Amino acid sequence: MDSTQTSYSGNSTQNAERNQLLKQLEEANRKLLQAEAYKTYFLSNIRNEINNPMASILSAATCLKEATDLATSHQLATLIHNESRNLNFQMENLFMAAELEAGAWNPAPKIISLQEATDEIIESIQQKADQPEVSIESSCTDAQVFIDPALLRLILMNLIDNAVKFSSSGQCVQVELQHNETELQLTVRDSGIGMDPDKISSVCDRFRQLDEGRCKAHQGHGIGLSATKAALDLTGGTISIDSQPSLGTTCSVCIPLSPPQNHGESEDFEEFFSDDTEVF
Amino acid sequence: MAVLQHHLHPSTLFVHTEPHHVHTVLGSCVAVCLWDPEIQLGGINHYMLPTWNGTGLATPRYGNIAILKLIEAMEKIGASRNRLRAKIFGGAVVLNTHTENSTMRVGERNIETALSVLKDLSIPIVSQCVGGISGYKLIYQTYSGKVLLRRIQPTIPGSPPSQAEIISSTQTTKNTQA
């Protein structure tokens, strides 16, 4: 009787494990199919995202060559400048994502002035912004921190750009940076269109944009936040998003700050033991 | 011969035609070292989780991605997939996660991924030092295929295996696969 019960119990456990594994496989398959669909969407979308600004730049440059008055020249040069910045931002995200996917991006932290770096990035976004009527307020302590400037730029550019993009005229985006000895806390808050809380978990998915389709109202190809998330994963950082429709979105990022380190390059080899298989 | 140094961060990989000493630190993460005996060059990755779930970027943070990307990078510098040999390291239980819950057995699942992917690709594993409760500092000599290890103190109660035991287990694996 006991052995029968044990055997039955064993079979039941095996079935439960098998069902669990099956569910996991089905879920993995569903996600892979979804990822493939996003990739297809990305490939069709990227043509617009690169071609459109490039066409504007070429067209404006052609007109600029023939412009005779200063006011027109200035207007065309401004257009070229803005479109170039848009294009550059999209390309930076694409290159970063490509490097992260190739496993070739290595954090290169150095001591920088947090205030100067932040101001420079915000100024760059303000110049790029299609909606100059959205203001950006920043609060940042003036301190020297040991951080990869490219990482800080990637995070700030993407979070602030999104916040501006999804805000309306007259609204304000707030950027706050605080740090202690071990971490940098960065918050970007907007009072824009926000999103349903159940969509939050997918905003960092690769190629994912909540506003999709031919008539989407906002630029971008859904790579910025996934690159930001991947870079944070690599450096031990975290991102959390809080949002409510019509009330706005708050993105909070925590980046570990480590002191400059010697990564062991000068360590004494004698302290190591060989794995004893010198020849493959 | 001038040997350059490289610190390998988690979620990255390293392949270079110049001779390097690649340094990395492993806990539950796994590093796969590949070696092509004909071109006498090696490459290494360092992944943190077993498999990519299809949502974020497909980075070498995940074992199934990291191993394939490493092979592709090796092929770009002239290696051939048929000639590759592998060594695997890491996958320790570095937190107090002695549990049946598979989501917590990250080290073990990282090792399983390396074994399974390399087997599927018919790449022989000539040496391994995996599992246990100790993390390792590792130096990979990309010009010789040699690996130097140093144990890091375990973070959970229990006696770590001795150096002799580890080398012995490494040799056992090597012999079984020979």
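**Exercise 1. The build of chain A**

In which order do the elements of chain A run from the N terminus on? State also the number of helices and strands in chain A and the share of buried residues.

*Solution.* The model under study is predicted. Step one is to read the elements of chain A from the N terminus on, which gives α-α-β-α-β-β-α-β-β-α-β-β-β. Step two is the count: chain A holds 5 helices and 8 strands. Step three concerns burial, and 41% of the 280 residues of chain A count as buried. Finally, consider the contacts in chain A with a separation of 6 or more: residues 24 or more positions apart account for 72% of them.

**Exercise 2. The open sheet of chain A**

Determine the order of the 5 strands in the open sheet of chain A, and identify the strands at its edges.

*Solution.* The strand order in this sheet of chain A is β2-β4-β5-β7-β6, and the pairing is mixed. At the edges stand β2 (135-140) and β6 (238-244) of chain A; each has a single partner strand, so one side of each lacks a neighbour in the sheet. On average, neighbouring strands of this sheet are turned by 10° against each other, direction ignored.

One pairing can then be taken in detail. Strand β5 (residues 183-190) of chain A and strand β7 (residues 248-256) of chain A run antiparallel and are joined by 8 bridges. Within this pairing, A:Leu184 stands opposite A:Ile255 in β7(A).

**Exercise 3. Helices across the sheet**

Which strands of chain A do helix α4 and helix α5 lie across? Describe next how α4(A) and α5(A) pack.

*Solution.* Begin with helix α4 (residues 149-165) of chain A: it lies across β2, β4 (172-179), β5, β6 and β7 of chain A, and runs at about 15° to β5(A). Helix α5 (residues 224-235) of chain A lies across β6 and β7 of chain A, at about 30° to β7(A).

Turn now to the helix pair. The axes of α4(A) and α5(A) are 10 Å apart, and the packing angle is about 145°. Their crossing is left-handed. On the side of α4(A), the contact is made by A:Leu151, A:Leu154, A:Ile155, A:Asn158, A:Leu159 and A:Asn162. On the side of α5(A), the residues include A:Gly224, A:Leu225, A:Ala227 and A:Thr228. By class, the residues of the contact of α4(A) with α5(A) comprise 8 nonpolar, 5 polar and no charged.

**Exercise 4. A loop residue**

Is A:Val203 buried or exposed? Locate A:Val203 in chain A and relate its position to A:Leu225.

*Solution.* A:Val203 belongs to the loop between β5 and α5 of chain A. Its relative accessible area is 11%; buried means under 20%, and A:Val203 is therefore buried. Although A:Val203 and A:Leu225 are 22 residues apart in sequence, they are 7.1 Å apart in space, C-alpha to C-alpha. A:Leu225 is one of the residues of α5(A) in the contact with α4(A).

**Exercise 5. Strand β8 of chain B**

For strand β8 (residues 135-141) of chain B, 6 of the 7 residues are buried, so β8(B) is largely enclosed by the rest of the structure. β8(B) and β9(B) form a hairpin with 5 residues between them, and B:Gly145 in the turn has a positive phi of about 85°.

**Exercise 6. A helix pair in chain B**

How do helices α1 and α2 of chain B cross, and which residues meet?

*Solution.* The axes of helix α1 (residues 63-76) of chain B and helix α2 (residues 106-120) of chain B come within 9 Å and cross at roughly 45°. The two helices are therefore oblique to each other. The crossing in which α1(B) passes α2(B) is right-handed. In the contact, B:Gly63, B:Asn64 and B:Ile67 of α1(B) meet B:Thr113, B:Ala114, B:Val117 and B:Leu118 of α2(B). These residues divide into 4 nonpolar, 3 polar and no charged.

How values were computed. Residues are numbered from 1 along each chain as its sequence is written. Chains are lettered from A and ligands numbered from 1 in the order in which they are written. This is a predicted model: local features need pLDDT of at least 70, side-chain atom pairs count only at pLDDT 80 or more; totals for chains, interfaces and linings use all residues. Side-chain values use heavy atoms; hydrogens and water are left out. Axes are lines fitted to C-alpha atoms, for helices over the stretch in contact, and angles run from 0 to 180 degrees between N-to-C directions. Helices (H or I, at least four residues) and strands (E, at least two) are DSSP runs, numbered from the N terminus. Angles under 35 degrees count as roughly parallel, over 145 as roughly antiparallel, 65 to 115 as roughly perpendicular and the rest as oblique. A crossing is left-handed if the near helix is turned anticlockwise from the far one by less than a right angle, and right-handed if clockwise. Contact means heavy atoms within 4.5 Å. Ala, Val, Leu, Ile, Met, Phe, Trp, Tyr, Cys and Pro count as nonpolar, Asp, Glu, Lys and Arg as charged, and the others, Gly among them, as polar. Buried means under 20% relative accessible area, exposed over 50%, partly exposed in between (1.4 Å probe, protein chains only). Two strands pair if DSSP finds at least two bridges between them.
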